[in-house]
Structures are given as structure tokens and as C-alpha cells.
Amino acid sequence: METGKYRALLRTAELGSITRAAEDLGYTQSAVSRILSDLEQEWGVTLLVRGRSGVTLTAAGAALLPGLRAVCNAERELQEEVGQLHGLTRGTIRVGTFNSISVHWLPRLMKSFLEKYPAIRFEILTHIEYREIEEWVASGHVDCGFISLPCALDLDTVFLRRDRHMAVLPADHQLTEAKSYPVARFAQDPYIKLEDDRDREVIQIFERCGVKPNLCYRVNDDYAAISMVESGLGVSVLTELVLRRTPYQVVVRPLDPPQFRDIGLAVRRRSDASPATARFLDHVEAAVAAGEI
């Protein structure tokens, strides 16, 4: 029962909403509100600040969060150990990921994994910053996370695939028939840039190549950038994985010199991974080796 209360607090903090936490946990809103009030009364501290836009943790609540997460993770791991005795019939895998993985890889990986282990439950948390996902893994907020290698933190990682950065050009661009697009050309063509927190790898490409792009537009969405390129407003840079199955009428060319990102999967310590997480890692590696993703 106590860990049920802790999970209610964790989900409320993660989602920033008592209503959304209640829906996620299958409780009523009043039940979650009562649980949170009971915890505050029991511990003698205010855990949440309630406002019109939702709830946020107080300093006391934030200080207790790592301990709460450790208790809930330990309970999950115990349940998975029991499930392991019965053929992995129960368990939850929390996966940190970024958008292109969520769209192009993860649904197929989950589907094929659940065909083997139908009782396993997935919780997917998405962020645009690789560093944030690394921190989620390190803190136990997620069991594993898709990241860009090399990893900045001390985590166990598995290389999955190299993903090319590509120039995205309008259909009438001068270089649509060329084999590649020179990085230096971004100083000339109108450049459509993603916001900095979504575009750090591309910023590093320009820095390495000594190029100052002709920045004309900023957007915060991959597909908004592609749509603007289709309309002839400029050129952009995205990865092959993002551009897979795009419906837009654009031309995609590799950069010159070639530029890549290495996609990996991280866990805090592979030897300590729960049974469900360990099998999911094996499943992902096998899918990559078989060319299924």
C-alpha cells in the first residue's frame, strides 16, 4: 500500500497534474488528491504546490523524490524477479527516448517483444535532449534510454546504428542532381534552424567545419522545418531516421563532408538490469543485428 502511495506522488510529479496521474494509474482524481494529502500529513511537509496550470514539487518534495523512486524501482524489480520464476509473466519497462526513435523504431520493437512477453508493460518517456535521457537512466527515472553516443555519463551503453545527417532541399534547388550538399553552402542558402535544444549536433557540425549558416528561420518541430523547405523557404539539416517515410516533396542529400550521429541504448549497469529490461536490451540488439530496424 505504501508503494502505491509513492507511485501516485511520482506520477503526479512527472505529469504535473493530479488529474493526469489519476487517469494513468486508474484512480479517481479525488483518490489521488487524498493520497497526496495523507502523505503530506503523515510526513509533516508540503510536497506539492497546486496552481491553475497544474502541480509542481516543493523543495521538500524534490528532496524526497530520489528515495521514493528507489523504493518504487526496488518493488518493480522484485515483482519482475517473481515474474522471472514464472516465465517473465509480469513487469514494467520504462524507456527514455527521443522523437525519431519513438516514431520509427520503438513501436515495432515493442510489438515484437510483446509477442514473446505479452504481460510486460511499457512506459515511454520522450525528451528532445539526449543529456536529459542520460540523466533519467542514471537516476533510475527510466530503466533504459535511447541516446546519442558517446555518452557523457558513466552508463553501460550498446551501439545500435549510425544515422547520417542529411541536407533537406526544395525540389527546385540547384543541387538536387548533385550527389551531396557541401556544408559550406549553408552560408549561402537560407537556413531553417531547429531551436538550440533540438539542434546541438548540427551546431557542432557547423563549428567543426567553420561555417556560419545563413540563418533565416527558427522552428521547434522537425516536420515544420521539412514543410518550410518544401515551400521553397530555405534548406535544413535532419537525420536519415527523421526523414524516413516523409510525405513531403523535398530532396535529401548527404552532407559533404559526411556527418553522422551514433545511436545507442543505455542502462545504468547491465549486470544489475531487471529481468524484463535485460531481455528488452537483448531483443533490441537482435533486431538491429537482423536489420529489422
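I checked the length of helix 11 (residues 275-289) first: at 1.5 Å a residue its 15 residues should span 21 Å, and its end C-alpha atoms are 21 Å apart, which agrees. The expected span is 1.5 Å times one less than the number of residues, and helices (H or I, at least four residues) and strands (E, at least two) are DSSP runs numbered from the N terminus. The model is predicted, so I kept in mind that local features need pLDDT of at least 70 and side-chain atom pairs pLDDT 80 or more, while totals for chains, interfaces and linings use all residues. Residues are numbered from 1 along each chain as its sequence is written, and side-chain values use heavy atoms, with hydrogens and water left out.

Next I turned to rings of Phe, Tyr and Trp (its six-membered ring), which pair if their centres lie within 6.5 Å and count as edge-to-face if their planes are over 60 degrees apart. I found 11 aromatic pairs in the structure. The rings of Trp105 and Phe146 have centres 6.5 Å apart and planes at 75°, so I logged the pair as edge-to-face. Trp105 lies in the loop between helix 5 and helix 6 (106-116) and Phe146 in strand 5, so this pair ties together parts that are 41 residues apart in sequence. Trp105 is buried at a relative accessible area of 0%, and Phe146 is buried at 0%.

Last, I looked up the pockets (on a 1 Å grid over the protein atoms alone, open sets of points where a 1.4 Å probe fits, with protein on both sides within 12 Å along at least five of seven lines; lining residues have an atom within 4 Å of a point). The largest pocket holds about 720 Å³ of space. Among its 31 lining residues, those closest to the centre are Tyr130, Ser148, Arg200, Glu201 and Arg261. Helix 8 gives the most to this lining, with six residues. The second largest pocket holds about 370 Å³, and of its 19 lining residues the closest to the centre are Arg7, Arg76, Thr92, Arg121 and Glu123.

Key
Points joined across faces, edges and corners; volume = space filled by probe spheres on them. Phe/Tyr/Trp six-rings, centres within 6.5 Å; stacked < 30°, edge-to-face > 60°. Buried < 20%, exposed > 50% of the residue type's maximum accessible area, 1.4 Å probe, protein only.
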